[in-house]
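Subject: A structure for you to look through

Hi there,

Here is the structure I promised to pass on. Please open it next to this email, and follow along as I go through what turned up.

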Amino acid sequence: MKNGKEVQAILTAIHCINYTGEHRDGDICKITDYAFGRLFGANTNMLTLCCVGRSKADIMPEITELLGQDTQYKKYLEEHKK
């Protein structure tokens, strides 16, 4: 898999953003939980606890930092500014 090392950070961002709001999507929760189990042999329990009771605005600085450290997402954003 090309750039497979980025997968955990991307899944973490998706899981956390989904968990920080009134409109949680149960299917996204199941998919990210399944992915963490299958790909990394881990579950999302601790990750979920870090998100409970927080808003998207609260968590985005941490998500942005994570993506900046472990992915090329910032570069992608810069290249795709509209």
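Let's start with Phe36 and Phe40, which sit four residues apart in helix H2, so about one helical turn separates them. Keep in mind as you look that this is a predicted model.

The structure has two aromatic pairs. In one of them, the ring centres of Phe36 and Phe40 are 5.7 Å apart and the planes meet at 55°, so this pair is described as tilted. How covered are the two residues? Phe36 has 5% relative accessibility and counts as buried, while Phe40, at 30%, counts as partly exposed.

The other aromatic pair is made by Tyr73 and Tyr76, and it is stacked, with 6.0 Å from centre to centre and 20° between the planes. These two tyrosines lie in helix H5 (residues 73-79), and because they are three residues apart, about one helical turn lies between them. Tyr73 is partly exposed at a relative accessible area of 38%, and Tyr76 is partly exposed too, at 43%.

Next, the charged side chains. In general, side chains of opposite charge can pair when their charged atoms come close. How many salt bridges does the structure hold? There is one. It joins the side chains of Glu62 and Arg54, at 2.5 Å from N to O. Glu62 is partly exposed, with a relative accessible area of 44%, and Arg54 is also partly exposed, at 25%.

Thr20 is in the loop between H1 and helix H2 (26-40). Is Thr20 buried or exposed? Its relative accessible area is 6%, so Thr20 is buried. Setting aside residues up to four places away in sequence, Thr20 touches Cys51, Arg54, Ser55, Lys56 and Ile59.

Now for helix H1 itself. H1 has 13 residues, which at 1.5 Å a residue should span 18 Å; the C-alpha atoms at its ends are 18 Å apart, so the two values agree. Several residues of H1 are buried, among them Val7, Leu11, His15 and Tyr19. What covers the buried residues of H1? The cover includes H2, helix H3 (45-51) and helix H4 (56-70).

H1 also has a residue that takes part in a surface feature. Ile14 lies in helix H1 (residues 7-19) and counts as partly exposed, at 39% relative accessibility. Together with Ile10 and Ile28, Ile14 forms a nonpolar patch on the surface, with about 210 Å² of accessible area between the three.

Leaving out neighbours within four places in sequence, Ile28 is in contact with Ile14 and Asn18. Ile28 and Asn18 are 10 residues apart along the chain, and their C-alpha atoms are separated by 7.3 Å. Asn18 is one of the buried residues of H1.

Best wishes

Conventions:
Residues numbered from 1 in each chain as written. Predicted model: local features only at pLDDT ≥ 70, side-chain atom pairs only at ≥ 80, totals over all residues. Heavy atoms only, no water. Patch = residues over 30% accessible without salt bridge, like charges linked within 9 Å, V, L, I, M, F, W, Y side chains within 5 Å. Areas by Shrake-Rupley, 256 points an atom, 1.4 Å probe, with all protein chains shown as cover. Salt bridge = Lys/Arg side-chain N within 4 Å of Asp/Glu carboxyl O. Buried < 20%, exposed > 50% of the residue type's maximum accessible area, 1.4 Å probe, protein only. Contact = heavy atoms within 4.5 Å. Phe/Tyr/Trp six-rings, centres within 6.5 Å; stacked < 30°, edge-to-face > 60°. Expected span 1.5 Å × (residues − 1).
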